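I opened this entry to keep track of what I looked up, item by item, before going any further with the coordinates.

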2 protein chains.
Amino acid sequence: MALADLQPVARNDAGSAAVVGILKQRFGERFQTGQAIRGQHAHSTTYIPSQLPDGVVFPHSTEEVQEIVRVCGEHGVPVIPFGTGTSLEGHVNAPGGGICIDMMQMNKVLAVHAEDLDCTIEPGVTREELNTYLRDTGLFFPIDPGANASLGGMASTRASGTNAVRYGTMRENVLSLTAVMADGRAITTAKRARKSSAGYDLTRLLVGSEGTLGVITGLTLKLYGIPQAISGGVCPFPSVDAACNAVITTIQMGVPVARIELVNALCMRALNGYAKLDYPETPCLFLEFHGTDAGVREQAETFGEIAAEFGGGSFQWTNVAEERAKLWKARHDAYWAGLSLKPGATSLSTDVCVPISRLAECINETEEDIARSGLIAPIVGHVGDGNFHVMVLMDRDDPKQIEATEAFVARLNMRAIAMDGTCTGEHGVGQGKIAFLPHELGAGVDFMRSIKQALDPDNIMNPGKVLPLRA
Amino acid sequence: MALADLQPVARNDAGSAAVVGILKQRFGERFQTGQAIRGQHAHSTTYIPSQLPDGVVFPHSTEEVQEIVRVCGEHGVPVIPFGTGTSLEGHVNAPGGGICIDMMQMNKVLAVHAEDLDCTIEPGVTREELNTYLRDTGLFFPIDPGANASLGGMASTRASGTNAVRYGTMRENVLSLTAVMADGRAITTAKRARKSSAGYDLTRLLVGSEGTLGVITGLTLKLYGIPQAISGGVCPFPSVDAACNAVITTIQMGVPVARIELVNALCMRALNGYAKLDYPETPCLFLEFHGTDAGVREQAETFGEIAAEFGGGSFQWTNVAEERAKLWKARHDAYWAGLSLKPGATSLSTDVCVPISRLAECINETEEDIARSGLIAPIVGHVGDGNFHVMVLMDRDDPKQIEATEAFVARLNMRAIAMDGTCTGEHGVGQGKIAFLPHELGAGVDFMRSIKQALDPDNIMNPGKVLPLRA
């Protein structure tokens, strides 16, 4: 992978000019072409350079999105859906220009079906907004990728996060969605039944398709009852191996742990420095248990025994909300704490996921690789799923550091793939992981391309993302 | 729906003759063309008439399946994958003739990764064979559609069954699969990582595609630790409404029930008569709880309180394996018990699934419809998911009964769809549900057709299934 390898998309200046004229007339103030706003909408939270769209439109309905897609389709102009812009792999860049569709004004909760444990929402609702809305119902939506992302964006990238080990990812939690397809037609992929064998799984096809097959304009999501009791704790381990073995045993014994997060020694040091904490600076697991009062006690005690068996501990757990909040604030501070290790640095946050039996090996080799490469790069992981993030801190004005980082990321991805894992557990492909997809999936990529071509023959839907150009 | 509406597929006699000649030479005894064996492979367990393939081949490897598909592709001859033949909607019929690929000699468990809670198998392994194989590992594969089906067939039809409420369906439990596509290439859809955001979800696209996009030749499945404790029980209710309300409350409170099955009053009467039992002849819930000793006790007690609140009970539960076995044998006897209500009758077993808030309404209206139609038709349901089956008993020599049954099934499907549900929760579309798919998914069906056309341009993969002809 190299920055220069970002997949080119041919510009269509005449088409874009025509579309800009039409949308300006149609949407007035809700269509913007200023440099600043276009820049905000191509902002990537990583080191991939921004590629600006030609205009940004703010629709209010599925019908308006249909109109926009039809206009762009008629003129062969790219369409890039946009949520909160928190993606890490260049998903919202516009390599061939085109129109950014900012979905954030479609932010209504349309229905909560408490008996069915589901809700229907517009895609611009963020996960925190949804949970605030749900507060009085006793229900919540568990998926938490860290950022307060829009749920449409989370579905588009098949997001997950800290409690996927218990509740699954967006793949398991989208019951149905509405999407505007490349030809401007809108489809709803499923009814609200909890399960269905009625034809091809269009819901799962669109979840994780990153706007390259359709623009998500509505979602029906699974909800869960807020657990009667929640407890949590932090447990230090003498090594990554010991921590990973404790995780494997915990999962194997069927302890329904809600979160089980690894923070490596360097990241613990960063957390202590950043937040004035005094955790041990060895690999630690941060845990959370959901259940009944008796259930969470039993889970925590079982985990404590497992941890002791692998040399971990002591495991202190609490069901006091304030203490838990402090604990998870520390975990969620990992990003900012990591940045503090190298003030002024740009961070590249990358993620891979491997079978849990290979996790310790993968993290150990990666830590050695980081040391050999002379990089500063803390690691945190959603280890119940075998998923971990490396946050490389680099000086983006130093070509040597960029080169070293890119070479490291390439080795990391290939290492994960060689261990029967994936080049992205939850960040998505975007622009940054395109080069690795064929290594992971071989001819499968050709069939993805056939599907893309069948559903978007003119390649207007978020072009230059997910799929490598034909070899 | 009417029998006469089964979708026609043009025969290609010259092509079939050529393929039969080639496969006979290549596979010898492993290719059969006798009437009896062809008849067994088109046997439908329902009332849809058999449509025989021109030959049946028994491959031993992915490479052999590739060879077969390539030969059929070159001659434009249909390919119909076959497992145990327990599908209920005509999936294994050969409306245009062609070659049945019997996968049952590909029945090896290739690897069990206990630490990763997964296994890799060939598609002809049945769920009971897999669980027998796993016995010493402390692990099991939970999905149980009733029949001892092949796991390839279960993946093809997105099967589920009694414990989907806790463990999900084949959709959630296939980590990865290998499939031979229409052009003869084999792909593996994912690595073994528990989650991935790497491109389009080809795994979920193939799960439930009923052999119309590819032939599944390998599967990596999620496994689970056998629970420390299992308890179960039966609880009578005064009405379907009361039972459904108890189910809703149980799910809403987050009781992680492993099975929660409704058996309606008629079906309870049949069970008592068939198996010499003395259960109350009112709607009953059959339950199973998985967890720790303390956990299953707590779950059962919580359910008992909920049941009492809705007029149910008394709820007797047991963790004695023999008593549980007896209880679930009764539940699993429902099919045979049902048949005993009308000796000599042919059964049509159909399934729908609705949001759980509409379940009581849907079952009540359906019971009234059955009574009005003069049919005999017991009902059992996987009610934690809103899924239920109606088993219509009819004399297939009586055109009036067939007509009444077909009209009833059509009303049932349209009723479920109108309640925001699906025309099939777990049996699949096959031939029997094709007519209802457009009512359920509208333009979504057009996009399914585009995908089919892109991946199987000559329509050789199990033609005449899932998708309605273009209007």
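**A:Thr366 and its surroundings**

I began with the side chain of A:Thr366, one polar atom of which lies 2.6 Å from the backbone oxygen of A:Cys362. I note for the record that the model is predicted. A:Thr366 is found in helix H14 of chain A, which covers residues 359-373, and I count A:Thr366 as buried because its relative accessibility is 0%. Leaving aside neighbours within four places in sequence, I listed the contacts of A:Thr366 as A:Ile379, A:Phe388, A:Val390, A:Phe408, A:Leu412 and A:Arg415. I also checked the C-alpha separation between A:Thr366 and A:Ala377, which are 11 residues apart along the chain, and found 9.8 Å.

**Salt bridges involving Asp369**

A:Arg415, one of the contacts of A:Thr366, forms a salt bridge with A:Asp369, with the closest N and O atoms 2.7 Å apart. Since A:Arg415 lies in helix H15 (residues 399-418) and A:Asp369 in helix H14 of chain A, the pair ties together parts that are 46 residues apart in sequence. Both ends count as buried, A:Arg415 with a relative accessible area of 11% and A:Asp369 at 1%.

I then turned to chain B, where B:Asp369 meets B:Arg411 in a salt bridge of 2.7 Å, N to O. This pair links helix H14 of chain B, which holds B:Asp369, to helix H15 of chain B, which holds B:Arg411, across 42 residues. B:Asp369 is buried at 1% relative accessibility, whereas B:Arg411, with a relative accessible area of 36%, is partly exposed.

**Between the chains**

How much area do chain A and chain B bury between them? I noted about 6700 Å², 58% of it on carbon and sulfur atoms. In chain A, the residues that lose the most area to chain B are A:Lys195, A:Tyr200 and A:Phe447, which together make up 15% of what that side buries. The contact takes 80 residues from chain A and 80 residues from chain B.

For polar features I recorded 36 residue pairs in polar contact between chain A and chain B, both residues being at pLDDT 80 or more. Several elements give two or more residues to the side of chain A that touches chain B, including helix H9 (240-252), helix H11 (293-309) and helix H17 (444-455). H17(A) gives the most, with nine residues.

In one of them, B:Asp420 and A:Arg192 have their closest N and O atoms 3.1 Å apart. The pair joins two chains, because B:Asp420 lies in the loop between helix H15 and helix H16 of chain B and A:Arg192 in the loop between E9 and H8 of chain A. B:Asp420 is partly exposed at 25%, and A:Arg192 counts as buried at 10%. A:Lys195 also forms a salt bridge, with B:Asp385, the closest N and O atoms being 3.8 Å apart.

**Other items in chain A**

A:Glu64 sits in helix H3 (residues 62-74) and counts as buried at 11% relative accessibility. Its side chain is joined to that of A:Arg30 by a polar contact of 2.7 Å.

On the surface I noted a nonpolar patch of A:Tyr274, A:Tyr335 and A:Trp336, with about 320 Å² of accessible area together. A:Tyr274 lies in helix H10 (residues 265-275) and is partly exposed at 37% relative accessibility.

Key. Residues numbered from 1 in each chain as written. Chains lettered and ligands numbered in written order. Predicted model: local features only at pLDDT ≥ 70, side-chain atom pairs only at ≥ 80, totals over all residues. Heavy atoms only, no water. Patch = residues over 30% accessible without salt bridge, like charges linked within 9 Å, V, L, I, M, F, W, Y side chains within 5 Å. Areas by Shrake-Rupley, 256 points an atom, 1.4 Å probe, with all protein chains shown as cover. Salt bridge = Lys/Arg side-chain N within 4 Å of Asp/Glu carboxyl O. Helix = DSSP H or I, 4+ residues; strand = E, 2+ residues; numbered from the N terminus. Buried < 20%, exposed > 50% of the residue type's maximum accessible area, 1.4 Å probe, protein only. Contact = heavy atoms within 4.5 Å. Buried area = accessible area lost by both parts, 1.4 Å probe. Polar contact = N/O pair within 3.5 Å; in protein donor to acceptor, adjacent residues only side chain to side chain.
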